[in-house]
Every structure is written in structure tokens, then in C-alpha cells.
Amino acid sequence: MKTVLVTGSNGLLGQKITEKIRAEKSVNLIATSKGADRFSFKDGYVYAEMDILNPAQVRTVIEQYKPDAIIHTAAMTNVDTCHIERKAAYQLNVVATQTLISLCEEFDIHFIHLSTDFVFDGANGPYDETAKPNPVSYYGETKLQAEELVKKSNARWAILRTILVYGIVSDMSRSNIVLWAKGALEKGNPLNIVNDQYRMPTLAEDLADACLLAVERNAQGIFHISA
Ligand SMILES: NC(=O)c1ccc[n+]([C@@H]2O[C@H](COP(=O)([O-])OP(=O)(O)OC[C@H]3O[C@@H](n4cnc5c(N)ncnc54)[C@H](OP(=O)(O)O)[C@@H]3O)[C@@H](O)[C@H]2O)c1
């Protein structure tokens with residue numbers, strides 16, 4: 001049975017992956033995130049605290065658990081925060097990704113990297129995997145820089161680009177479009193929504209399935225994953 005390490009396991013996708021692996025018992029899961037474990041159940045997986053900005057801690061955890069694959073979900077995902085806190089966004093989305101890539105090269109670990117439709121400018125969508133990226137936000141820029149590092153690495157790698165992920169998990173650090181709309185409708189508030197964007201909201205469970213398929217099939221290359 002493969003051992004899979006997930007970064008950012010407290011996040012929306014990280015918790016959905018944990019939920020699936022607990023139910024299916026298809027792989028051994030090492031869930032890692034910054035700080036304490038916030039997933040509701042504590043059995044069926046191992047939790048290790050791992051701040052990806054701390055290279056020594058990352059190395060210790062990877063050497064201890066020797067994963068066959070890493071699903072890298074941790075990131076600074078708020079587009080506006082990335083725009084304002086550029087240095088921190090670069091450290092988390094680019095530098096920390098390189099820390100993980102180097103260890104994947106050293107220990108022959110399959111690296112599955114989560115990326116975004118924000119690597120494109122949106123002028124001529126929908127895009128396929130061969131389309132030329134052209135980010136217009138700093139978030140998109142950092143995610144593209146991370147992709148470039150992944151692509152030039154000697155590790156086995158897959159880049160999964162996804163769009164507007166939604167779902168419900170416990171103790172969420174951020175909301176998403178469906179929860180936002182539900183909350184506003186419940187309060188009887190009007191919804192102000194842009195009418196010039198066409199996007200494909202992606203259920204977090206579906207994205208978690210895609211990540212696990214990527215592990216199972218040793219997927220390599222770029223994949224667009226959306227509803
Ligand atoms: N959500 C979307 O709409 C969307 C769309 C396209 C692509 N993506 C990509 O998909 C991936 C997963 O997104 P998501 O929605 O699951 O994001 P998320 O809910 O924001 O989860 C990211 C997780 O990373 C953790 N984290 C932050 N700094 C860390 C550090 N230094 N060390 C370890 N963990 C750290 C966060 O911890 P805290 O919770 O403690 O802050 C958070 O739990 C990301 O790479 C994102 O760029 C997401």
C-alpha cells in the first residue's frame with residue numbers, strides 16, 4: 001500500500017482528501033499542516049505538524065514517513081491577500097514548493113502539485129492544458145512560478161490545475177462561493193455577482209478524487225480538473 005503525504009491538510013481540499021482516505025483505506029495517509037490538526041476525526045491516518053516554510057521540519061517529517069507521493073495543497077490561496085502580502089505569498093507559494101520538490105528529487109517521491117486557472121488571463125477561455133499561461137494577479141504569478149519549478153525538476157510530477165473549489169469542512173479558515181451565496185440568501189441579502197465571468201465551480205470531493213487517481217496511476221504532466 002502506498003504512503004501519501006498531504007500538505008495543508010487543514011484546508012478545504014486537504015480535509016476532503018483526508019475524509020476520502022479514511023473511508024476508502026486505499027493508501028496510508030500522513031496528513032500535515034501548520035499547527036494543530038483541525039480535521040474532525042483523529043483515526044485512520046497519521047497527523048504530523050509540518051510548516052512548509054520550515055525546511056528542517058519538512059525534511060524531518062519526510063525522512064520519518066518516507067512517502068511514495070506528496071499531494072501539495074498548502075498555499076496562500078486568497079488572491080487579495082497575495083496581492084497585498086507579496087513577500088509572504090512568494091515564500092509560501094514558490095519558495096516552499098521548491099523545498100518540497102528538492103526532497104521529492106532526493107527521495108524519488110511522486111510530486112502532485114495543485115495549481116489554478118489564475119495562471120491564465122481569461123481573455124480566451126476555456127483553456128486546455130497546452131494553452132499559454134499569462135497570469136494577471138500576483139497569486140496567479142506565484143502559482144505559475146511554482147509550476148515552472150515543478151516542470152524543470154527531475155522528480156516525477158503532475159500539476160493539477162483547478163477552478164473555484166467549493167465544499168464544507170470543519171473549522172474552515174476561508175469561505176467559498178457556495179457558502180457565501182447560501183449565507184447571503186439565508187439572510188435575505190441581495191447577491192452582487194460579476195456577469196462577465198464564465199467559470200466552472202469544482203466540488204472539493206471531486207478534486208480530492210482526482211488527486212487520489214493521480215497517485216494511483218502515477219500520473220505525470222499537466223491536468224485541468226474542474227466540474
Ligand atoms: N479554493 C479554490 O478555489 C482553488 C482554486 C484553484 C486552485 N486552488 C489550489 O488548490 C490548493 C488547495 O486549495 P484549498 O482551497 O484547499 O486552500 P485552503 O483551504 O486555503 O487550504 C490551504 C491550507 O494550507 C495551509 N497552510 C498555510 N500556510 C502553511 C504553511 N506554512 N505550512 C503548512 N500549511 C500551510 C492553510 O492552513 P490554515 O488553514 O491554518 O491557514 C490551509 O489549511 C491550493 O494550492 C490552491 O492554490 C484552489
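## Ligand shell, surface and backbone of a predicted model

Lys25 counts as exposed because its relative accessibility is 59%, where exposed means over 50% relative accessible area, buried under 20% and partly exposed in between, computed with a 1.4 Å probe and protein chains only. The model is a predicted one, in which local features need pLDDT of at least 70 and side-chain atom pairs count only at pLDDT 80 or more, while totals for chains, interfaces and linings use all residues. Residues are numbered from 1 along each chain as its sequence is written, and side-chain values use heavy atoms, with hydrogens and water left out.

Lys25 sits in the loop between α1 and β2 (28–33); helices (H or I, at least four residues) and strands (E, at least two) are DSSP runs, numbered from the N terminus. Phi of Lys25 is near 50°, a positive value in a residue other than glycine. Lys66, in the loop between α2 (55–65) and β4 (69–72), also has a positive phi, near 45°, and Lys66 is exposed because its relative accessible area is 62%. Most residues other than glycine have a negative phi, and most peptide bonds are trans. A cis peptide bond, with omega of about -5°, joins Gly125 and Pro126, and Pro126 belongs to the loop between β5 and α5.

The ligand is surrounded by 27 residues, of which the closest are Arg38, Asp51, Thr77, Tyr139 and Lys143; a residue is near a molecule if one of its heavy atoms lies within 4 Å of it.

| Residue and atom | Ligand atom | Distance |
|---|---|---|
| Arg38, polar side-chain atom | oxygen | 2.7 Å |
| Ile52, polar backbone atom | nitrogen | 3.0 Å |
| Thr73, polar backbone atom | oxygen | 3.2 Å |

Of the 900 Å² of accessible area that the ligand has on its own, the protein covers 90%; accessible areas come from the Shrake-Rupley method with a 1.4 Å probe, and for residues only the protein chains shown count as cover. Two or more residues of the shell come from each of the elements α1 (12–24), β5 (110–116) and α5 (138–151), and β5 gives the most, with three residues.

Strand β5 also holds His110, which is buried because its relative accessible area is 2%. A polar atom of the His110 side chain lies 2.7 Å from the backbone oxygen of Ala219. Ala123 lies in the loop between β5 and α5 and counts as exposed because its relative accessibility is 57%. The C-alpha atoms of Ala123 and Arg38 are separated by 39 Å, the two residues being 85 apart along the chain.

Ile177 is placed in helix α6 (residues 177–186) and counts as partly exposed because its relative accessibility is 37%.

Definitions and conventions: A polar contact is a pair of N or O atoms within 3.5 Å; within protein, one must be able to donate a hydrogen and the other to accept it, and residues adjacent in sequence count only if both atoms are side-chain atoms.
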